[in-house]
Structures are given as C-alpha cells and as structure tokens.
Amino acid sequence: SPQKMWLLEGIASVLTRFTVPWDKKLQSLAVGHGVLPWLVKLLSEGSVKAKSKSATSLAQLSQNSVALRKAKSPRWLCVPPSAESYCIVHDYQCTIKSTFCLVKAGAVNPLVKILEGEEREADGAVLEALATLVQDEIWENGSRAIEKASGVHALLRVAEAGELTSQDKAIWILERIFRLEEHREQYGGIAQALLIDLAQKGDPVLKPMIGRILAHLQLLQTQSSYF
C-alpha cells in the first residue's frame with residue numbers, strides 16, 4: 001500500500017544515520033539488530049526511493065569491510081574456519097556481523113538488478129555501494145564478483161543512459177573491471193563502440209577515464225594527448 005511504501009522509505013532514510021562509516025560502533029549496533037539483511041531485502045521490494053536509501057546504507061557499511069577484515073584477522077586459530085564463511089572478494093572469513101560484507105549478505109545481485117531497471121533515481125547510491133567492492137586492495141576480486149552478477153552490461157547501460165554523476169562512477173568501475181584480460185576479451189567488443197561514442201559526444205569530464213579503458217582495450221595509447 002502507499003502507506004507501507006511511505007513507512008519503508010522513512011525507515012530506510014533514518015537508517016542511513018545509523019550506518020555512517022565514521023562510527024563503526026554504531027554500525028555494529030545496527031547490524032547486530034538485523035539491519036543488513038533487511039536493507040538487502042528492500043533492494044528488491046521497496047520503492048525506488050527506499051532502494052536508493054538502502055543502497056546508501058549498504059555503501060556506508062561496506063566502506064569499512066576491508067578495515068574490519070584487517071582488524072579482526074586472527075594470528076592463529078584453534079579451529080579452522082569453515083569454507084562457507086570464506087569471502088572471494090575480501091579474501092577473508094567474512095560474516096555479515098563481523099565485516100558488514102555485501103557479498104555474504106547477498107547484496108551484489110539485487111544491486112545490479114536495480115541498474116538493469118528503467119528507473120534511474122537509485123543509480124548513484126547503487127554505484128557507490130558497488131564501488132566499495134573495487135577499492136584498491138580488492139579490485140581484482142571485486143571486479144570478478146560484479147562481472148559474475150552480470151554487472152558489466154548493467155554498468156554499460158548506466159554509462160550510456162544515466163545522469164552525468166552516475167555515468168562518471170559507472171565508467172570508473174568499468175575501468176577497474178577492464179584491467180583484467182578475461183573481461184577485456186569477453187566484453188571489449190560490445191563496450192568499445194559505446195565508449196568511443198561517449199568520448200566523442202559525451203561530457204568532457206568523462207574523457208580521461210574513457211581514455212584509460214580504451215587504452216586497456218588497446219584502442220588508444222595510454223599517454224595519448226587526446227584525453
């Protein structure tokens with residue numbers, strides 16, 4: 001009902017205050033009360049405004065996943081950790097409560113699904129969440145996780161039709177994804193026409209990052225003055 005949607009949007013908005021990245025204790029309190037799975041559920045069932053707020057909270061939580069992995073990494077273990085808890089992105093035995101891990105929370109696929117949809121209002125928040133999976137220390141594993149969720153096509157869609165800030169962030173993520181040869185081979189052909197068109201007709205602010213991708217695809221010299 002409209003009343004329920006309004007209520008969910010309000011709750012999702014309030015939770016962005018309980019997941020601010022600079023307060024890990026507050027984040028831990030929120031996650032301990034089951035906030036993370038609820039936020040992931042809202043990505044599929046909420047209104048576009050609720051999805052956007054939920055993605056913002058997920059992005060804020062995920063910003064600290066790498067730091068929490070380091071802080072909680074044990075020097076020794078009496079009992080070997082289970083294989084199920086191992087996270088392919090953070091290269092650690094992640095759990096939702098210990099590292100606020102988007103992968104273990106099952107958030108990657110529903111985040112990508114939002115980008116595949118027709119509504120563009122939540123793109124910015126979703127891209128900020130996905131960007132936390134390709135931080136400097138984990139970009140290779142994060143790129144593979146996003147690709148596995150059909151994220152390359154979704155990112156190209158936003159790069160083509162999104163607002164400028166969303167285009168910029170989508171292209172930034174794509175640049176990291178296309179650093180890997182396996183992704184260049186699989187998606188380079190479908191990406192290059194769009195990227196060249198954007199470089200020629202899109203906003204000039206996009207050109208430097210597009211130039212990097214085209215260099216990865218060996219369509220442009222890395223040091224080219226064109227970009």
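In this predicted model, one side of helix H1 carries the exposed residues Pro2, Gln3, Trp6 and Arg17. The buried residues of H1 lie on the other side: Leu8, Ala12, Leu15 and Thr16. Viewed down the helix axis, these buried residues fall within an arc of 110°, so they line one face of H1. They pack against helix H3 (35-45) and helix H4 (48-62). The length of H1 was also checked. Its 17 residues (2-18) should span 24 Å at 1.5 Å a residue. The end C-alpha atoms are 25 Å apart, which agrees.

Salt bridges were examined next. The count comes to 9. One of them joins the side chains of Arg69 and Glu137, with an N to O distance of 3.5 Å. Arg69 belongs to helix H5 (residues 65-72), while Glu137 sits in the loop between helix H8 (123-131) and helix H9 (139-148), so the pair ties together parts 68 residues apart in sequence. Arg69 counts as buried, at 14% relative accessibility. Glu137 counts as exposed, at 52%.

Another salt bridge links Lys113 to Glu116, whose closest N and O atoms are 3.8 Å apart. Both residues lie in helix H7 (residues 108-116). Because they are 3 residues apart there, about one helical turn separates them. Lys113 is exposed, with a relative accessible area of 57%. Glu116 is partly exposed, at 32%.

Arg120 and Asp123 also form a salt bridge, and their closest N and O atoms are 2.4 Å apart. Arg120 counts as partly exposed, at 21% relative accessibility. Asp123 is buried, because its relative accessible area is 0% and buried means under 20%.

Definitions and conventions: Residues numbered from 1 in each chain as written. Predicted model: local features only at pLDDT ≥ 70, side-chain atom pairs only at ≥ 80, totals over all residues. Heavy atoms only, no water. Helix = DSSP H or I, 4+ residues; strand = E, 2+ residues; numbered from the N terminus. Expected span 1.5 Å × (residues − 1). Buried < 20%, exposed > 50% of the residue type's maximum accessible area, 1.4 Å probe, protein only. Arc of directions from axis to C-beta. Contact = heavy atoms within 4.5 Å. Salt bridge = Lys/Arg side-chain N within 4 Å of Asp/Glu carboxyl O.
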